Amino acid sequence: MTNNILDFEKPLLELSAKIKELQSFMDEKGLDLSEELMKLKERAAKLQREIYASLNTLQIIQIARHPNRPTAKDYINYIFDEFIELHGDRKFSDDKALIGGIGLIDNQPFTFLGHQKGKTTKENLSRNFGMAHPEGYRKALRLMKEAEKFNRPVLSLINTPGAYPGIGAEERGQAEAIARNLMEMSALRVPIIVVVTGEGGSGGALGIGLGDRIMMLEYSYYSVSTPEACAAILWKDSEKAGEAAEALKITAKALRELGIIDRIIKEPAGGAHQNPQEAAMFLKEAVLEEYRALSKLSPEELVNRRYMKYRQLGVYSEDINNATAGEILKEEVE
Amino acid sequence: MFKDLFGKPKYVTVRTRSKQEKEDNSPDSRLWTKCNGCKQIIFNKKLVENLLVCPECNYHFRLSARDRLAITIDEDSFQEFGQDIYSADPLEFPNYKEKLAKARVKTGLNEAIITGEATINGYPVVIGVMDFNFMGGSMGSVVGEKVTLAIERSIETRKPLILITTAGGARMQEGMISLMQMAKTSAAVKKLDEAGILYISIMTDPTSGGVTASFASLADIIIAEKGALIAFAGPRVIQQTINTSLPEGFQRAEFLLEHGMIDMVLSRHEIKDTLTSILKIHQVGVSNYD
Ligand SMILES: [Zn+2]
């Protein structure tokens, strides 16, 4: 835990070191400095609130990408009472970057899907840094069809920098695999609950991300492109990643305001990596609550509502004079 | 048939190439063009007569949406719909309004796709054609909505749907709203599929990113134009990721055919006749059931 400290976490760590110091000083000397200690702890809590209330988007991305951030397997361990992992797409191979299985959460069966990152370099290499190949998306579809057959809701946890951009992935139809999932997920006759737990990297995230309820952890992000790539493409300057990050509106809060997601799941103080178990409990609570509401709908209602949810997505104008570029257009034409 | 294009100069838009458009391979405004394929000098008159395909080496220059439409459908059969939908700027993204305005002036289009009803050798269809000159054919809210409207029109009229794509990916300036157009259009294709309507996708150079990873890859029949780049991730991104050189012909139409991702690769001259055959076979099948 002493590794991987984010810059903005440093003042907090300094304070908590002071608290520890004071504590051991008290114990050593047998002095009662509990009032001082209380003050220090209050100060630490206040500082943490202040820091986390004013994080910029790049800082939130740092938390979302934190090496100690809980992975899909961590969440499985914390929230499932029983879990069996299932493997393979029955076509080519088993993708270790996108895992799936079946299990029980508070006695309710779920089919689980999730991108799997590693915490060490070795783990990350075997998990391809959570970047799935077509096989991952096809395994996910196979498991979703199975979920539909057995009337099991689907829980999908997103945490990927993106679908893998490689030769094999292109040869085997990365685009087709993602497209097919979107098409089939739109009409799957069981509830699909989606949570972005860390990185929501573009099409690779969306490939298991179409659902009835879309939620995001407080310090996750979901974006059409990484801010670095966006800055490089639009401004030919990857140094402008900070600007791009703000402009793209990719935080849970911004996306809730835009109506892209339905709910933000609170994280423990300091982020999920500070307390994975508590983070998992918040997630479990939200998932079960959403599932209870969705389970009241018939499959037809469920699918119709899901269709309408996506049918309505988009912001445009039907009047050129109201369209934002109207005035500029006239000037340029003249 | 080819005379139609030449005989309708209002549709033939041979544009000036500006410096920022180095990658735009449309012929320039002089009398002649240097071919990107064989590097020979070709007279523009010849190129236009040959549907902007190099008569020497068969290199396919990119077509604007209007030109593509002109060589695909029957003359005067186009009835446009969805033309009154304009991009807003939901994120107030830096310079988006200006870029939209420029794209409108440059292409004479309201957005990166035109949609309408038409006939192809007498067969009625719903057709959508994308234009790479409009912000790289990127899919934002308007493209997503117009593709969805075209699908709905197909379901309503039971006319086959033809979508001719060229796209650099998602419209970054609309952020996650543009990513969600992948979900929206794919869900609409599912409705079309359930309604039992024929959908033909024609991928032209280049078709990549979110358009490839949504409606373009979900057709009953997928045609690619000769030599077209068709990708999820662009070659440059892959090159940077894997740090080795890419195989010859990687992500070209012929490569996708070899890997089983598309039904056929056609040269530009073959597309209209092949579409006609498919529509004819399909119509016979449908009327046998009725
Ligand atoms: Zn040539």
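Trainee: What volume does the largest cavity have?
Mentor: About 150 Å³. A cavity, on a 1 Å grid over the protein atoms alone, is a set of points where a 1.4 Å probe fits but cannot get out. Grid points are joined across faces, edges and corners, and a volume is the space filled by probe spheres set on the points. One caution: this is a predicted model, where local features need pLDDT of at least 70 and side-chain atom pairs count only at pLDDT 80 or more, while totals for chains, interfaces and linings use all residues. Residues are numbered from 1 along each chain as its sequence is written, chains are lettered from A and ligands numbered from 1 in the order in which they are written, and side-chain values use heavy atoms, with hydrogens and water left out.

Trainee: Which residues lie nearest the centre of the largest cavity?
Mentor: A:Glu170, A:Gly173, A:Ala175, B:Leu256 and B:Met261, out of 18 lining residues. Lining residues have an atom within 4 Å of a point.

Trainee: Which helix gives the most to that lining?
Mentor: Helix 8 of chain A, with three residues. Helices here are DSSP runs (H or I, at least four residues), numbered from the N terminus.

Trainee: New topic. What is the volume of the second largest pocket?
Mentor: About 520 Å³. A pocket is an open set with protein on both sides within 12 Å along at least five of seven lines. Of its 27 lining residues, the closest to the centre are A:Tyr52, A:Ala53, A:Ile60, A:Tyr219 and A:Lys253.

Trainee: Where does the largest share of that lining come from?
Mentor: Helix 2 of chain A, with five residues.

Trainee: And by class, what is in the lining of that pocket?
Mentor: It has 13 nonpolar, six polar and eight charged residues. Ala, Val, Leu, Ile, Met, Phe, Trp, Tyr, Cys and Pro count as nonpolar, Asp, Glu, Lys and Arg as charged, and the others, Gly among them, as polar.

Trainee: Now helices. At what angle do helix 14 of chain A and helix 6 of chain B cross?
Mentor: Roughly 135 degrees, and their axes come within 8 Å. Axes are lines fitted to C-alpha atoms, for helices over the stretch in contact, and angles run from 0 to 180 degrees between N-to-C directions. That makes the pair oblique. Under 35 degrees is roughly parallel, over 145 roughly antiparallel, 65 to 115 roughly perpendicular, and the rest oblique.

Key. Helix = DSSP H or I, 4+ residues; strand = E, 2+ residues; numbered from the N terminus.
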